[in-house]
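Here are my notes on the model. Please read them with the coordinates open.

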Amino acid sequence: MAQFYSPKRRVTTRQNSPVLTLTVDNLDPFGQGVAHHNGKAVFVSGVLPGEQAEVQLTEEKNKFAKGRLKRLLSRSPQRVEPRCPHFGVCGGCQQQHADESLQQQSKAAALVRMIARETGVTPQQEPVIAGPQYGYRRRARLGLLWQPKQQRLVMGFRQAASSDLVPVTQCPVLHPELEQLLTPLRACLSALQVARRLGHVELVLADNGPVLVLRHLDALKEDDRQALQAFARTKNVTIYLAPDSDSLEKLCGETPYYQVDGLRLDFSPRDFIQVNDHVNQQMVAQALEWLSIQPNDRVLDLFCGMGNFTLPLARRAAAVVGIEGVATLVANGQYNAHKNRLNNASFFHENLEEDVEQQPWAAQGFDKVMLDPARAGAAGVMSHIVKLAPERVVYVSCNPTTLARDSKVLLSAGYRLARVRMLDMFPHTGHLESMALFINGSAPEVAAK
């Protein structure tokens, strides 16, 4: 997610500060209300645009302040009742009190503002790529903690601004197939002999059913293994055991997979896959359209993971080369390309933060470039993209700050920013995902749909 104020300036904590009456006039992407006092922006969680509230200042910096909501004096028509009983305590969601349109509008507007401020180009606002607001997450990691005094196992998510666990029995943003496992899973884990020595549990929903990864700090005895297998049979769950951060043992069940663009991609439960399947399907389709792949095209897919874009691209192009820094993802991409009979897709295991000029793929030529970097962006490879001079570049970003920074390299080289769309990949959170299309020279622009 983007930071819209500098976190490194000196912070002054207000002791016994007066209570101010403020009216919020904007919402930042994190769901914080933005008011103004004495010419300074004041960020207040829990207050929406148009609402008046009594606010106590908690921190002050040179250009902005933070406040705590004391009392809400008026209510916005865009305020809704959060569906999660843990909202406001659990740190997972920040915006369940705002309706869908307000969340999306505030994020999309923030994206346009940041790109315009950093590049001087004001992109046209386009419809948000979105899916269901609830039941969308197909992956979650829950902490496990044994409380000796209460003699109970706590399973939950981290509290906001804390390492404490919030016990959860419901999570409306989780896919229903995963949410309904929460209560029986905690009961199962609590009954294990190793219950006092568990680290966390990961839940993943594959297209062929739920997957569970259990991090255990002590070896599991046979009785515990049998108990987990019984749970797996009852709930139709695939279970993996993780005795350490590097090892993974499949206890029972099928190899998980998901489908995109008519392709089946097998994966390990520790592999990165997009959390929101509905948005992922639309995102891949939009990237394919924007790149306007022709049968003779050679396409470069940077930060390719296990081939979420690479393999759909390979169905349309003459050749696709995927570059990824995680060896297991490269291996899975190669495996899935072979399994889907895509002989024109090749993968390289390379660190794109190093000198890419010396990497074996760099001497090849490409007509189109796709990239989907992590939050740090793609600074190490942008100059080489310019050198390749592709006709089109599609950049998928999870951080608008680094997207804006990297965009300037392309714009300075004569590319134009043709399209930008926000991806509502994580409703109710401060994550701001987007994708942008850059076109080289006088190539025709893609017509908006």
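The points below cover basis, cores, helix packing and a few single residues.

1. Basis. This is a predicted model, in which local features need pLDDT of at least 70, side-chain atom pairs count only at pLDDT 80 or more, and totals for chains, interfaces and linings use all residues. Numbering starts from 1 along each chain as its sequence is written, and side-chain values use heavy atoms, with hydrogens and water left out.

2. Main core. The largest nonpolar core has 87 residues. Here a nonpolar core is a set of buried Ala, Val, Leu, Ile, Met, Phe, Trp, Tyr and Cys residues joined through side-chain atoms within 4.5 Å. Buried means under 20% relative accessible area, exposed over 50%, and partly exposed in between (1.4 Å probe, protein chains only). L189, L212, L214, L228, I239, L313 and M435 touch the most other members. Helix α5 (residues 277–291) gives the largest share of this core, with 7 residues. Helices (H or I, at least four residues) and strands (E, at least two) are DSSP runs, numbered from the N terminus.

3. L214. Which residues does L214 touch, not counting residues up to four places away in sequence? They are L144, L189, L192, L198, H200, V201, L228, Y240, L241 and A242. Contact means heavy atoms within 4.5 Å.

4. Helix α3. L182, L185, C188 and L189 are buried in α3 (residues 182–190). They sit on the same side of α3, because they cover an arc of only 130° around the axis. The arc is that of the directions from the helix axis to the C-beta atoms. An α-helix has 3.6 residues a turn, so residues three or four places apart point the same way. The buried residues of α3 pack against β8 (139–147), β9 (152–158), α2 (176–179), β11 (198–206), β12 (209–216) and α4 (222–235).

5. α3 with α4. These helices pack at an angle of about 165°, with their axes 10 Å apart. That makes α3 roughly antiparallel to α4. Axes are lines fitted to C-alpha atoms, for helices over the stretch in contact, and angles run from 0 to 180 degrees between N-to-C directions. Angles under 35 degrees count as roughly parallel, over 145 as roughly antiparallel, 65 to 115 as roughly perpendicular and the rest as oblique. The crossing of α3 and α4 is right-handed. A crossing is right-handed if the near helix is turned clockwise from the far one by less than a right angle, and left-handed if anticlockwise. P184, L185, C188 and L189 of α3 meet A227, L228, F231 and K235 of α4.

6. α1 with α9. Helix α1 (residues 100–119) and helix α9 (residues 400–412) pack at about 40°, with axes 9 Å apart. The pair is therefore oblique. This crossing of α1 and α9 is right-handed. From α1, L111, M114, I115, E118 and T119 make the contact. From α9, the partners are P400, T401, L403, A404, S407, K408 and L411.

7. S407. This residue of α9 counts as buried because its relative accessibility is 3%. Leaving aside residues up to four places away in sequence, S407 touches T119 and F438.

8. Positive phi. Most residues other than glycine have a negative phi. Q151 is not a glycine, yet has a positive phi of about 55°. Q151 is in the loop between β8 and β9 and is partly exposed, at 46% relative accessibility. H428, also not a glycine, has a positive phi of about 75°. H428 lies in the loop between β22 (415–423) and β23 (433–440). Is H428 buried or exposed? H428 is buried, with a relative accessible area of 3%.

9. Q133. Q133 lies in the loop between α1 and β8 and counts as buried at 10% relative accessibility. Not counting residues up to four places away in sequence, Q133 touches E100, Q103, Q104, V173, D424, P427 and H428.

10. Q294. Q294 is in the loop between α5 and β17 (298–302). Q294 is partly exposed, at 40% relative accessibility. Beyond residues up to four places away in sequence, Q294 touches R316, A317, A318 and K368.
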